Amino acid sequence: MSSFDLSEFKVIAAMDIAAAVKAGAKSVTLRQGAVVTPSARDAAASAGIDIAFGGAAPASPSAAGSKWEALLNSPEANRIKEEICAVGRKLWHRSYVDGNGGNISYRLSEDAVLCTPTLVSKSDLKPADMSLVDLDGKQLAGERARTSEILMHLEIYKSVPEAKAVVHCHPPHATAYAITGRVPPTCIIPEFEVFVGRVAISPYETPGTKKFAETVIPFAKTHNTILLSNHGIVCWADTVTHAEWYAEVLETYCATLLIASQLGSPITQIKPDKTQDLLNIKQRLGIPDARHGLQECQLCDMPDPVGAIAIPPQPGSGGKHTTAPDAPTPDDIEAIVKSVTDAVIAALEAKR
Ligand SMILES: [Zn+2]
């Protein structure tokens with residue numbers, strides 16, 4: 001029986017077990033006190049790998065280990081850890097996460113990402129809970145096991161060089177869109193256009209899996225905010241605070257649309273030349289949008305998925321269709337009624 005020595009590591013993830021299985025191991029030896037993630041335990045159980053504790057921790061940390069420990073405890077990392085804790089509390093207080101839901105990360109260096117742990121409420125986060133992972137999700141440092149959803153964050157970092165921070169949460173109004181397969185319409189509220197704009201919706205996959213992580217790849221470059229089908233949302237930005245802002249902007253927008261859709265009147269739309277002004281501001285801020293580079297006339301005409309909101313948006317006040325010259329006059333309305341009536345009568349007569 002070949003045994004695989006993993007006593008070098010403080011935290012054992014599923015991929016460590018997979019590596020041992022690949023090497024032909026029937027058991028693994030861990031250091032006393034090593035943390036085994038739930039998915040690592042499952043992987044060991046399904047591969048029939050025995051886990052033995054008792055390996056001694058290395059007398060002195062390896063050079064690689066001490067490098068990552070140093071990065072995890074660097075002044076910059078410590079500042080970001082505080083920011084992540086503050087953002088976690090905001091998410092929880094705004095009811096964007098519940099239970100241990102949601103996760104937050106920040107790219108500290110080219111090959112290392114700071115992230116929240118698994119199984120901790122975002123309102124209870126402490127700086128010491130954070131861990132450091134590489135771009136494959138392997139934990140490099142930190143006492144607590146990293147979030148299982150880090151793989152999705154990593155796909156965003158790999159696809160978008162500008163992405164420095166990722167926030168994933170489950171805000172109810174935006175998630176209402178995500179569970180109905182709808183995306184909110186655009187050209188309605190300026191702040192939403194500038195900071196978020198047209199969102200994408202990624203197909204459903206089981207959370208925590210590599211397949212789930214990869215669902216965001218086609219959208220991440222041109223969308224800083226993505227609806228995750230039957231799940232929640234994910235936002236990326238230059239800072240953790242800004243990524244959380246985008247979650248707030250989207251959630252408030254979705255809530256406003258849902259309230260407006262109950263008022264019984266059509267929602268008015270910002271006209272295309274004014275939308276172009278907003279997109280120009282957005283481009284100056286360096287915020288991506290799938291509509292950058294489109295003609296003005298195309299900006300608000302991109303088809304919304306079926307049933308984007310209860311009542312389709314109408315051209316806005318100040319828009320050319322509601323100002324006096326183009327608004328239908330009583331005569332116009334009478335003419336329309338007459339032509340419809342004529343057509344109905346003609347059809348009835350043709351049937352006789
Ligand atoms: Zn989630």
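This is a short walk through a predicted model, stop by stop, with what to select at each one.

Residue numbers start from 1 along each chain as its sequence is written. Because the model is predicted, local features need pLDDT of at least 70 and side-chain atom pairs count only at pLDDT 80 or more, while totals for chains, interfaces and linings use all residues.

**The whole chain**

Start with everything shown as a cartoon. The secondary structure comes to 12 helices and 15 strands; helices here are DSSP runs of H or I with at least four residues, strands are runs of E with at least two, and both are numbered from the N terminus. Of the 352 residues, 38% count as buried. Burial is a count of other C-beta atoms, placed from the backbone, within 10 Å of a residue's own: 20 or more is buried, 12 or fewer is exposed, and in between is partly exposed. Among contacts between residues at least 6 apart in sequence, 68% join residues at least 24 apart, a contact being two C-beta atoms, placed from the backbone, within 7 Å.

**Stop 1: residues 14-22 and 38-47**

Select helices α1 (residues 14-22) and α2 (residues 38-47): their axes come within 7 Å and cross at roughly 25°. That makes α1 roughly parallel to α2. For reference, axes are lines fitted to C-alpha atoms, for helices over the stretch in contact, and angles run from 0 to 180 degrees between N-to-C directions. Angles under 35 degrees count as roughly parallel, over 145 as roughly antiparallel, 65 to 115 as roughly perpendicular, and the rest as oblique.

Now show side chains. From α1, Ala-14, Asp-16, Ile-17, Ala-18 and Val-21 meet Ser-39, Ala-40, Ala-43, Ala-44 and Ala-47 of α2. The residues of this contact divide into 8 nonpolar, 1 polar and 1 charged. In this scheme Ala, Val, Leu, Ile, Met, Phe, Trp, Tyr, Cys and Pro are nonpolar, Asp, Glu, Lys and Arg are charged, and the others, Gly among them, are polar.

**Stop 2: Leu-71**

Move to helix α3 (residues 63-72), where you will find Leu-71. With 18 other C-beta atoms within 10 Å, Leu-71 is partly exposed. Leaving aside residues up to four places away in sequence, Leu-71 touches Ala-77, Leu-108, Ser-109, Ala-112 and Leu-132.

**Stop 3: Leu-119**

Next, pick Leu-119 in the loop between β7 (112-115) and β8 (131-133). Its phi is near 60°, a positive value in a residue other than glycine. Leu-119 counts as exposed, with 12 C-beta neighbours inside 10 Å.

**Stop 4: helix α6 and its partners**

Select α6 (residues 172-179), in which Ala-174, Thr-175, Tyr-177 and Ala-178 are buried. Look down the axis of α6: these buried residues fall within an arc of 150°, so they line one face of the helix. The arc is that of the directions from the helix axis to the C-beta atoms. What does this face pack against? Bring up β11 (200-202), β12 (225-228), β13 (232-237) and α10 (240-260) to see the partners.

Keep α6 and α10 on screen. They pack at an angle of about 75°, with their axes 7 Å apart, and are therefore roughly perpendicular to each other. His-173, Ala-174, Ala-176 and Tyr-177 of α6 make the contact with Leu-250, Glu-251, Cys-254, Ala-255 and Leu-258 of α10.

Just after α6, Gly-181 takes a positive phi of about 70°. Further on, Cys-187 sits in the loop between α6 and α7. Cys-187 also has a positive phi, near 65°, in a residue other than glycine. Is Cys-187 buried or exposed? With 25 C-beta neighbours inside 10 Å, Cys-187 counts as buried.

**Stop 5: helix α11**

Finish at α11 (residues 272-284). Its buried residues are Pro-272, Thr-275, Leu-278 and Leu-279. They cover an arc of only 110° around the axis, which puts them on the same side of α11. After α11 comes Gly-286, whose phi is positive, near 75°.
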